[in-house]
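Visitor: I would like to learn how to read a fold. Please take me through it, one feature at a time.

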Amino acid sequence: MRPRTLTIAVAPVLAGGAWAWVEFQAWRPLVLLAAVVAALLIQAGTNLWNDLGDCLRGGDQPLRQGPPRVTALGWASPKQVRSAAMACFALAAVIGLYLGWVGGWPIIALGVASMVAGWAYSGGPRPIAYTALGEIFVVAFFGIGAVAGIVWLQAETWSWRAMLIGVAVGLPAAGVLMANNYRDMEHDRMVGRRTLAIRLGGGGAMAAYAAFVLAPFALLLAPFMPVGGWLALAAAPWAVRLVLAFATTPRGPAFNALLAGTARYQLALAALLALGWMFL
């Protein structure tokens, strides 16, 4: 389930819930809690499905530098991992029934799309994980869709600024994926992947990662955003350290700490935004 990066599902819920309160004075804590659990289940199911799909496609070769994969190492059978993934998706769907009752068809559509995308990330004839579209997928579902969906669940309305916040929160999540794919560039080429990191090359991947990590400040501190968002600047030194670490850390197992650190940075950024908007 890759618990070190499951926070990617929590960060947009924090930001979306805080923004719904700031812009619309809407606050439904039970709905927010249900959304967090559903988002975590969808991400966990996606990670399990990715573990299974990579193993069955031969994507988890000995040269892979990432954390251990349970299917490839035989710690769990493909049937067990598939069952665990489907259980996560099924539980998310059950919670989604409640969220759909609260938010109507837009939330049902978003939930179904999220689960289909979770399956398509490593499943189907052309998995998203094997293309250069992975980062777009992450920003769309772990940024824009998640934040806008939370605002809708809280306030039952759309907000163009919520969509912008979704982009800002989703970009560091794309940075997590970029760090993952940059680490595994050589291995991924061998198994037929054409990720964005491979398409851009080493220098381009570094520049893209820097943009993913730093661009949120330009979006969140724009003049049309509430003043409290300036609290997010407290995370700026962390962002700079991550960019420097990406540029200086040799590709390999050492990159796993950078990947986890990027996920924590995204959560900290969302938490600072929420605190700033709600209390400053």
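Guide: Start with contact, which means heavy atoms within 4.5 Å. This is a predicted model, where local features need pLDDT of at least 70, side-chain atom pairs count only at pLDDT 80 or more, and totals for chains, interfaces and linings use all residues. Residues are numbered from 1 along each chain as its sequence is written, and side-chain values use heavy atoms, with hydrogens and water left out.

Visitor: Which residues does tyrosine 209 touch, not counting residues up to four places away in sequence?

Guide: Tyrosine 209 contacts Gly175, Met178, Ala179, Leu242, Val243, Phe246, Leu258 and Thr262. Residues up to four places away in sequence are left out of that list.

Visitor: How many helices and strands are there in the chain?

Guide: Helices (H or I, at least four residues) and strands (E, at least two) are DSSP runs, numbered from the N terminus. Here the chain has 10 helices and 0 strands.

Visitor: What radius of gyration does the chain have?

Guide: The radius is taken over C-alpha atoms, and the globule rule is 2.2 Å times the number of residues to the power 0.38. For 280 residues, a compact globule would come near 19 Å; the chain has 18 Å, which agrees. Its C-alpha trace spans about 50 × 40 × 25 Å along the principal axes.

Visitor: What share of contacts joins residues at least 24 apart?

Guide: Take the contacts between residues at least 6 apart in sequence: 78% join residues at least 24 apart.

Visitor: How many of the residues count as buried?

Guide: Buried means under 20% relative accessible area, exposed over 50%, partly exposed in between (1.4 Å probe, protein chains only). In this chain, 55% of the 280 residues count as buried.

Visitor: Which residues of the largest nonpolar core touch the most other members?

Guide: A nonpolar core is a set of buried Ala, Val, Leu, Ile, Met, Phe, Trp, Tyr and Cys residues joined through side-chain atoms within 4.5 Å. The largest one has 63 residues, and Ile165, Met178, Tyr209, Phe246, Tyr265 and Trp277 touch the most other members. Helices supplying at least two residues each include H1 (7-24), H6 (160-183) and H10 (255-279). H6 gives the most, with 12 residues. A second, separate core has 26 residues, among them Ala34, Ala76, Ala85 and Ala92.

Visitor: Is aspartate 188 buried or exposed?

Guide: Aspartate 188 sits in helix H7 (residues 185-190). Its relative accessible area is 3%, so aspartate 188 is buried. Leaving out residues up to four places away in sequence, aspartate 188 touches Asn181, Arg193, Thr195 and Ile198.
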